[in-house]
Amino acid sequence: MSPKLSVSEYIALTNQTLEYAYPTVEIEGEVAGFKINQGKYVFFDIKDAGASVGCFMMVYALRVPIEDGMKVIISASPKLTQWGKFSLTVRAIRPSGEGSLKKSFEILKAKLDSEGLFALDRKRLLPQSPQHIAVISSTQAAGYADFIKILNDRWGGVAVDVAHVQVQGASAPDQIIRAIKYFNEREVLPEVLVIIRGGGSADDLSAFNDELLVREIAGSRIPTLVGVGHEVDESLSDLVADKSAATPSNAAQIIVPDKYETIRSVQSSVRTLLPRMERIVSEQQTEVRALLRAILQTIDRQVDEKLAENQQSRTILAQLDPRRVLERGYALLRGDVTVGNEIQIETKQAIIKAEVRDVTSK
Amino acid sequence: MSQVNKTSQKTIQQKTIELHEIVAWFDSDEFTLEKAMDTFKKAEALAADIEHDLLSLKNDIQVIKQKFDTETSE
C-alpha cells in the first residue's frame, strides 16, 4: 500500500525524484511572457509549436539580453512549486540560432555602447615589445597553437603566463572572467593580457558576447588584446578590448615585433653610417679646399698690389733721376761758384772743368 | 626578465636605444671625425650583439597551475 503523504511531503518527494532523474536539462525553445519582477526575479515561458513550460531564474544569472520571441537554450532543473505548479529553475540561458544571437548581440551592444564601454578614448596603447604577457585560452585549441608558433617565430625572451580555460560553451565566460581576475590580482602585473580562441560558429563564439565578461575586460587594469578568430562579425569582447586582432596569429603579430625585420632595420641603420661618414669627410675636404683657394687668392692679390706699388715707386724714381734732366739738355754744376774757383759742369755727353769768371745775382 | 643579455645585462630594447643614439650622434653637432671610426665600430658591435640576442633568446611559456573551472582560488 502506498504511503500516505502530506501535500508538502508529496511535493518534496517529487522534487527529490526530479532532481535525481534530471539534475540538469538543456532545453531549446522560444521565449514568451518574459518579465523581471522587483529587479531580481525573472519569469518567462519556454515553448515550441506544441508545448510550453514556465521558467524562473534570478536576474544575476541573466548574462545576455533576452526578449520574447527569441530562440534560446536553457540549462535548468525541473521543479514542482509549493503551489503545485511545474516550473524550470534556470541556471543559464543563451540565445540560439542566428536571429536570436544577432538580436541579443545588438541589444547588449547598444546598452554597453551607451555606457561608453566601446569609446575610443578608453583604449590604451599596448606596449611595443612586452617582456611579460598573460594569455587566456584553451591550450588544446588550434588558435592557441597558432598564437604560440607565431610568437616564437617573431620574438624571443618573453615570459608568457598561460591560463588554460574553456573558450566555448556555457562555462567559458566565467572561466575567462576568473582568469582575468587572477592576472589582475597579481603583485607583478603582466604588461598585456591576450584573450584568444580559434574561429567557430556564431554560437561557438557567443561566450565572447557575455555581458559580465565584456565588463570584466573593460575593467582590466592590464591592457587587453582580444584575438577571437572570426572574420565576419566582431564580438563585444573585441569591441571593448584595448586592441582586437582578427585571428590568434594576428594577435601574436600585434603583440611582438618581427625579429628578422628588427635585425634588418638594425643592420640598415649601421650601414647608413659609412656613407654618412664619407659624406662628412667629403664635405670637410671641400671646405678645406675652398679655404686653401681663398688663401691663395688673397696671396695673389697682395703680391699684385705690392708689384703695382713697386712699379709706381719705380716710375716716380725714374722721373726724379738727374740723368733724365741732363737728357733734356740741362747741365749739372758742382763746386763753389765764386769768381776764380774751378767748377765741374756735367752734361749728357761730357764732364767739363771750368773757371768762374763772373757771378751776377739775379 | 629573459630579454636581458647575460654578458652585458642590457635588454634588447636598451641596446636598440643605445644604437639609435649612436646613429643620431653622426648627425649631431658633437660629431668629430676623430671619434667617428671608433663610434662606428661600436655601432657595428652593438648591431651584431642585438642580432645575436634576437636569434638566440627563447620565450618562456608557463601554463599556470591555477584552475579556473570553479570558484576556488589559489
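This is a predicted model: local features need pLDDT of at least 70, side-chain atom pairs count only at pLDDT 80 or more; totals for chains, interfaces and linings use all residues.
View 1. Ile61(B) is 14 residues from Ala47(B) along the chain, and 27 Å separate the C-alpha atoms of the two.

**View 2. The contact between chain B and chain A.** Chain A supplies 35 residues to this contact, and chain B supplies 29 residues. On the side of chain B that touches chain A, the elements giving two or more residues are α1 (12-25), α2 and β1 (60-63) of chain B. Of these, α2(B) gives the most, with nine residues. By residue class, this side of chain B holds 18 nonpolar, six polar and five charged residues.

**View 3. Strand β7 of chain A, paired with β1(B) and with strand β6 of chain A.** Strand β7 of chain A, residues 159-164, runs parallel to β1(B) and is joined to it by four bridges. Within this pairing, Asp161(A) has Gln62(B) in β1(B) as its bridge partner. Strand β6 of chain A, residues 132-137, also runs parallel to β7(A), and six bridges join the two. Here Ile133(A) stands opposite Val160(A) in β7(A). Because five of its six residues are buried, β7(A) is largely enclosed by the rest of the structure.

**View 4. The largest nonpolar core and another core apart from it.** The largest nonpolar core has 47 residues, and those with the most contacts inside it are Ile136(A), Ile176(A) and Val194(A). Helix α4 of chain A, residues 172-184, gives the most to this core, with six residues. Another core, of 15 residues, lies apart from it and includes Val64(A), Met70(A), Ile74(A) and Ile93(A). Around Val194(A), leaving aside residues up to four places away in sequence, the residues touched are Ile133(A), Ala134(A), Val135(A), Leu225(A), Gly227(A), Ala251(A) and Ile255(A). One of these, Ile133(A), is the residue that stands opposite Val160(A) in β7(A).

**View 5. Chain A and its division into domains.** Chain A is divided into domain 1 (7-97), domain 2 (129-262) and domain 3 (322-355). The centres of domain 1 and domain 3 of chain A, taken over C-alpha atoms, are separated by 156 Å. Along its principal axes, the C-alpha trace of chain A spans about 200 × 40 × 40 Å, and the radius of gyration of chain A is 54 Å, whereas a compact globule of 362 residues would have one near 21 Å. The secondary structure of chain A comes to 10 helices and 13 strands, and 30% of its 362 residues count as buried. Among the contacts in chain A between residues at least 6 apart in sequence, 62% join residues at least 24 apart.

Definitions and conventions
Residues are numbered from 1 along each chain as its sequence is written. Chains are lettered from A and ligands numbered from 1 in the order in which they are written. The radius of gyration is taken over C-alpha atoms; the globule rule is 2.2 Å times the number of residues to the power 0.38. A residue is buried if 20 or more other C-beta atoms lie within 10 Å of its own, exposed if 12 or fewer, and partly exposed in between; C-beta atoms are placed from the backbone. Two residues are in contact if their C-beta atoms, placed from the backbone, lie within 7 Å. A nonpolar core is a set of buried Ala, Val, Leu, Ile, Met, Phe, Trp, Tyr and Cys residues joined through C-beta atoms within 7 Å. Ala, Val, Leu, Ile, Met, Phe, Trp, Tyr, Cys and Pro count as nonpolar, Asp, Glu, Lys and Arg as charged, and the others, Gly among them, as polar. Two strands pair if DSSP finds at least two bridges between them. Domain bounds come from an automatic or database domain assignment.
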